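Please have the sequence and the coordinates open while reading.

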Amino acid sequence: MNNPELYASSPAYCHYYFDLVASDDLLFELERDMNFTLDLFRSVPLEKEHYAYQPGKWTVTQLLRHSIDCERIFNYRALRFARFDATPLPGFDEDFYMNGLKTRLEKLEVLLEEFILLRKSTISLFRTFSEDNLNFLGTANGLKISARAIGFCVVGHNKHHCKILKERYL
């Protein structure tokens, strides 16, 4: 993606995620990413849904759970900022979230259903935002970011984990 304004008004860690997104059309990219993710995770053999490529790494299902959890948090942040709420929001510890589920074995097919519902909700949410809503800068984890940038982070973050799935798990 080539959007200098988005890069300039976003934390540096987001730039990696932006680089994974092909176009500046957020709604299109959210939809395309949903379809790609579904195809990829549906290609995972049943015997690999709880597979981790090395000890201490997340399993396939935990990887998808992480993407789902992050998308929910990103959506909350985007909603707050798109409603011009300047209240600083805290960060979150992804490992802490995952540790709360360590003993739970989730089924990949159930997680995929949840992902579909969440992503459709994400698309619906971002459709409601005007340009002013999308451009408002809020603070999350001590860093300024817009609702628009958060939307592209949703796509790029998920693409990042899909890339890891392809390279290390399949």
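The notes below cover the basis of the values, then ring pairs, charges over rings and backbone angles.

The model is predicted, so local features need pLDDT of at least 70 and side-chain atom pairs count only at pLDDT 80 or more, whereas totals for chains, interfaces and linings use all residues. Residues are numbered from 1 along each chain as its sequence is written, and side-chain values use heavy atoms, with hydrogens and water left out.

**Aromatic pairs**

- A search of the whole structure finds 7 aromatic pairs, where rings of Phe, Tyr and Trp (its six-membered ring) pair if their centres lie within 6.5 Å, and planes under 30 degrees apart count as stacked, over 60 as edge-to-face and the rest as tilted.
- One of them joins Tyr7 and Phe18 in an edge-to-face arrangement, with 5.3 Å centre to centre and 80° between the planes.
- Because Tyr7 lies in helix H1 (residues 4-8) and Phe18 in helix H2 (residues 12-19), this pair ties together parts that are 11 residues apart in sequence; helices are DSSP runs of H or I with at least four residues, strands are runs of E with at least two, and both are numbered from the N terminus.
- Tyr7 is buried at a relative accessible area of 17%, and Phe18 is buried at 0%, where buried means under 20% relative accessible area, exposed over 50% and partly exposed in between (1.4 Å probe, protein chains only).
- Phe84 and Phe136 also form an edge-to-face pair, with 5.4 Å centre to centre and 90° between the planes.
- This pair links distant parts of the chain, 52 residues apart, since Phe84 is in the loop between H4 and H5 and Phe136 is in the loop between helix H7 (131-135) and E1.
- Ring pairs also link Tyr51, Tyr53 and Tyr169 into a cluster.

**Charges over rings**

- Lys48 lies over the face of Tyr51, at 4.8 Å from the ring centre, under the criterion that NZ of Lys or CZ of Arg is within 6 Å of the ring centre and within 35 degrees of the ring normal.
- Lys159 lies over the face of Phe36, at 5.6 Å from the ring centre.

**Backbone angles**

- Most residues other than glycine have a negative phi.
- Phe84, although not a glycine, has a positive phi of about 65°, and Phe84 counts as partly exposed at 45% relative accessibility.
- Asn141, also not a glycine, has a positive phi of about 55° and is found in the loop between strand E1 (137-140) and strand E2 (143-146).
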